Amino acid sequence: KDSDSEKIKAQALLALSDIFSRRADWGRSLQLIDEASIIFNLENDNKGLSKCENLRGTIFGDKGDFESAKQYFLNSLSFINPDEEKELAANLETNLGIIENIQGCTEASLLHLNNALSKYLVLNNHARIAEIKLNIGMVLHEAGQFELAEASLDECIELSKNKGLYPTLNLAYLAKSHVLISEEKYGYAFEFAEKAMDLGNSLDDKLTIADAYKIKGIIERRRGDFQSAEYYLLTSLRMNTNL
């Protein structure tokens, strides 16, 4: 209200839109993005327009319209020079990698994720590097490439430990447990579920704890201990329902 700068107004509208999108008020969020886009367009601000398209893509991804989401992410990428805007370009490549994986396109997903990884390595962004290693591990697991998945997740775990990236570390423990279940290494899988549960308790991360209980339930079901499996799965269900 107090500024004469149109760019500040547009940035404020975009920031408000981001808040509404996180609250799943997508109609209001998209309306604010449209208002911000008009200003960014008048100001010839391609980076601002790119951010608008990126947020649109995120909203449509959350709504389950993955084809529209992918198109918005590609639009966003077209507005910028990836060599000059490495952070934003890497974020977009990550989003595209996740969408391609959801659509079952493993090769395309890994291509985008590795493009993002190369940019984050240049930026020396340890948090993002760890997250990409985690995503790559999960894609490889779904593709049935268990050894490669383990290797990527081990790199994520090592980096997360060294840099104190505990929420990412917890997700990596859960992902590694899933891979070990697929390899029928149930003892090791249980150990990693325990690690996730212990760290989840330290972080007061109840969703991760609930996921760890679910994984324990899957392990005990595979082992044939149905009473324990039922206990773990019901505990996970109760926690998720409460949350």
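What percentage of the 243 residues of the protein chain count as buried? The figure is 46%. The model is a predicted one, and its secondary structure comes to 12 helices and 0 strands. Read along the sequence, the pattern is accordingly α-α-α-α-α-α-α-α-α-α-α-α. Along the principal axes, the C-alpha atoms fill a box of roughly 65 × 35 × 35 Å. Among contacts in the protein chain with a separation of 6 or more, 52% are between residues 24 or more positions apart.

An α-helix has 3.6 residues a turn, so residues three or four places apart point the same way.

The backbone on either side of α2 deserves a look. Most residues other than glycine have a negative phi. Alanine 24 is not a glycine, yet has a positive phi of about 65°. This alanine lies in the loop between α1 and α2, and with a relative accessible area of 44% alanine 24 is partly exposed. Just after α2, asparagine 44 also takes a positive phi, of about 55°.

Phenylalanine 66 is placed in helix α4, which runs over residues 66-78. Is phenylalanine 66 buried or partly exposed? Its relative accessibility is 25%, so phenylalanine 66 counts as partly exposed. Leaving aside neighbours within four places in sequence, phenylalanine 66 is in contact with Gly61, Ile99, Ile102 and Gln103. Glutamine 103 is 37 residues from phenylalanine 66 in sequence, but the two C-alpha atoms are 7.8 Å apart in space.

Asparagine 95 belongs to helix α5 (residues 86-102). At 15% relative accessibility, asparagine 95 counts as buried. Which residues does asparagine 95 touch, not counting those up to four places away in sequence? They are Asn54, Thr58 and Phe73.

Next comes the pair α6 and α7. Helix α6 takes in residues 106-123 and α7 takes in 126-142, with asparagine 124 in the loop between them. Asparagine 124 is not a glycine, but has a positive phi of about 60°. The axes of α6 and α7 come within 9 Å and cross at roughly 165°. Because of that angle, α6 is roughly antiparallel to α7. The crossing of α6 and α7 is left-handed. On the α6 side the contact is made by Thr106, Ser109, Leu110, Leu113, Asn114, Ala116, Leu117, Tyr120 and Leu121, and on the α7 side by Arg128, Ile129, Ile132, Lys133, Asn135, Ile136, Val139 and Leu140. By class, this contact has 11 nonpolar, 4 polar and 2 charged residues.

Helix α9 can be read in a similar way. Its 17 residues should span 24 Å at 1.5 Å a residue, and the end C-alpha atoms are 25 Å apart, which agrees. How many of the 17 residues of α9 are buried? The count is 12, so the helix is mostly covered. Among the buried residues are Leu169, Tyr173, Lys176 and Leu180. What covers the buried residues of α9 includes α7, α8 (146-163), α10 and α11 (206-223). Just after α9, glutamate 184 takes a positive phi of about 60°.

One of those covering helices can be followed in detail. The axes of α9 (residues 166-182) and α10 (residues 186-203) come within 8 Å and cross at roughly 160°. Because of that angle, α9 is roughly antiparallel to α10. The crossing of α9 and α10 is left-handed. Contributors to the contact include Tyr166, Pro167, Leu169, Tyr173 and Lys176 of α9, together with Tyr186, Tyr188, Phe192, Lys195 and Leu199 of α10. By class, the contact of α9 with α10 has 15 nonpolar, 3 polar and 2 charged residues.

Definitions and conventions
Residues numbered from 1 in each chain as written. Predicted model: local features only at pLDDT ≥ 70, side-chain atom pairs only at ≥ 80, totals over all residues. Heavy atoms only, no water. Axes fitted to C-alpha atoms, helices over the stretch in contact; angles between N-to-C directions. Helix = DSSP H or I, 4+ residues; strand = E, 2+ residues; numbered from the N terminus. Parallel < 35°, antiparallel > 145°, perpendicular 65-115°, else oblique. Left-handed = near helix turned anticlockwise from the far one by under 90°. Contact = heavy atoms within 4.5 Å. Nonpolar A, V, L, I, M, F, W, Y, C, P; charged D, E, K, R; others polar. Buried < 20%, exposed > 50% of the residue type's maximum accessible area, 1.4 Å probe, protein only. Expected span 1.5 Å × (residues − 1).
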